[in-house]
Amino acid sequence: MEGQRDDVVSTNGPRKVYSDEQLAIQIPETAHQISTDSWFQVGFVLTTGINSAYVLGYSGAVMVPLGWVGGVVGLILATAISLYANALIAYLHEFGGKRHIRYRDLAGFIYGPKAYSLTWLLQYVNLFMINVGYVILAGQALKATYVLFSDENTMKLPYFIAIAGFACGLFAICIPHLSALRIWLGFSTFFSLVYIVVAFALSLCDGIRAPPRDYGIPGSHISRVFTTIGASASLVFAFNTGMLPEIQATVRQPVVGNMMKALYFQFTVGVLPLYAVAFMGYWAYGNETSAYLLSSVSGPVWVKTFANISAFLQTVIALHIFASPMYEYLDTKYGIKGNALAVKNLSFRVMVRGGYLAVTTLLAAALPFIGDFMSLTGAISTFPLTFILANHMYLVAKRNKLSSFQKLWHWLNVLFFGFMSVAAAVAALRLIAVDSKNYSIFADI
């Protein structure tokens, strides 16, 4: 194979390509497409993730518990450390002469089979909880549209969550893999711009007309401690996917260089809409900002309707991105390849993806506390996957090339984020316990 181009692969068994340094890089078997997307498309996938409808909750979930100083500084620091941690993972994508197209593959290669299983568990818990949050958001968007036209309130939030879950299931059945999104990423960007611009503009108008707002951090001293720690988990949740190797698997060679371009795009241009909505929402409504910003704004009904429907549709697309590692695992395990419309492939997606999203929707309807899910997800999976594992894997993989100071730096990161993970998990569980006492199961909030 020597002398062949980077994108030429064998058709049987583990595939090999040649990197720019002419080192043979082995690619594991997968039913999904590898090395087909430009860095720009991958950058849009990443940007779609961080500018999903979750941005409509950061004014309430991040800014209210932290205030102006803590919120602004926290978001900027979270951006910087998230870029750093994701870069560490990206640099390890071809470590040891093998293309690590899944997070668990990379951890297993560095640590062994036990770490492979643990990382698999952490990652899928992380992605499952993110998807629960997406279904809640989609349901909230539909309910916000409904209340614009009806005062009867006969339709409760769990009903809208069920409708949202059904729509996500239909989309999952129709889109076979991550690379097939293509034009849908364009639609996703358009929908994101709609609800971000509308939320920003209407919040600005409300803020100009409103009397002075209260920006004090609400709650008792003890509750403020817990909400602050929980908000720190929401900060890291905002910028991290927990599936960087799976996304990097789709980018063309050179995979590290192109992935870094995508990450720079995500953490510069891509974060600006998130900042704009989070800061403007908090400025306009202070500590009374709702968990779903479009529920706070006032303005023409048709404008708010358009924004809510856009948030709903974008959430359906974004959920598919975060569910794709689970789909890839199942498709590869059961040999689902070839024509996406083949009866076997189509029926498999209906049963398996439909079943997965049915469980996701049931949990979302039962516990529709979106801010709590952000905190818990950040605590039990984002901190370990993106910060603890990233620093320790890099430390182990590059130990012979790192100076004593660099090793100390990575160990300090591991210890600090380990402490934050435990503290944030305790805080998030407390928040869920408090909300569960205040609201019944399948609550209409």
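Biologist: Which way is the crossing of H3 and H4 handed?

Modeller: This is a predicted model. In it, H3 and H4 cross in a right-handed sense. The residues in contact are Tyr103, Arg104, Asp105, Ala107, Gly108 and Tyr111 on H3, with Ala115, Tyr116, Thr119, Trp120, Gln123 and Tyr124 on H4. Sorted by class, this contact holds seven nonpolar, three polar and two charged residues.

Biologist: At what angle do helix H3 and helix H4 pack?

Modeller: Angles over 145 degrees count as roughly antiparallel. Helix H3 (residues 103–111) and helix H4 (residues 113–149) pack at about 155°, and their axes are 8 Å apart. H3 and H4 are therefore roughly antiparallel.

Biologist: How do the axes of H5 and H11 cross?

Modeller: Helix H5 (residues 157–174) and helix H11 (residues 301–333) cross at roughly 60°, with axes that come within 9 Å. That angle makes H5 oblique to H11. The crossing is right-handed. On H5, the contact uses Ala164, Ala167, Cys168, Phe171 and Ala172. On H11, it uses Phe312, Val316, Ile317, Leu319, His320 and Tyr327. By class, there are ten nonpolar residues, one polar and no charged ones.

Biologist: What should helix H7 span, and how far apart are its end C-alpha atoms?

Modeller: Count 1.5 Å a residue. H7 (residues 221–239) has 19 residues, so it should span 27 Å. Its end C-alpha atoms lie 28 Å apart, which agrees.

Biologist: Which residues of H7 are buried?

Modeller: Buried means under 20% relative accessible area. In H7, the buried residues include Ser223, Gly230, Leu235, Val236, Phe237 and Phe239.

Technical notes
Residues are numbered from 1 along each chain as its sequence is written. This is a predicted model: local features need pLDDT of at least 70, side-chain atom pairs count only at pLDDT 80 or more; totals for chains, interfaces and linings use all residues. Side-chain values use heavy atoms; hydrogens and water are left out. Helices (H or I, at least four residues) and strands (E, at least two) are DSSP runs, numbered from the N terminus. The expected span of a helix is 1.5 Å times one less than its number of residues. Buried means under 20% relative accessible area, exposed over 50%, partly exposed in between (1.4 Å probe, protein chains only). Axes are lines fitted to C-alpha atoms, for helices over the stretch in contact, and angles run from 0 to 180 degrees between N-to-C directions. Angles under 35 degrees count as roughly parallel, over 145 as roughly antiparallel, 65 to 115 as roughly perpendicular and the rest as oblique. A crossing is left-handed if the near helix is turned anticlockwise from the far one by less than a right angle, and right-handed if clockwise. Contact means heavy atoms within 4.5 Å. Ala, Val, Leu, Ile, Met, Phe, Trp, Tyr, Cys and Pro count as nonpolar, Asp, Glu, Lys and Arg as charged, and the others, Gly among them, as polar.
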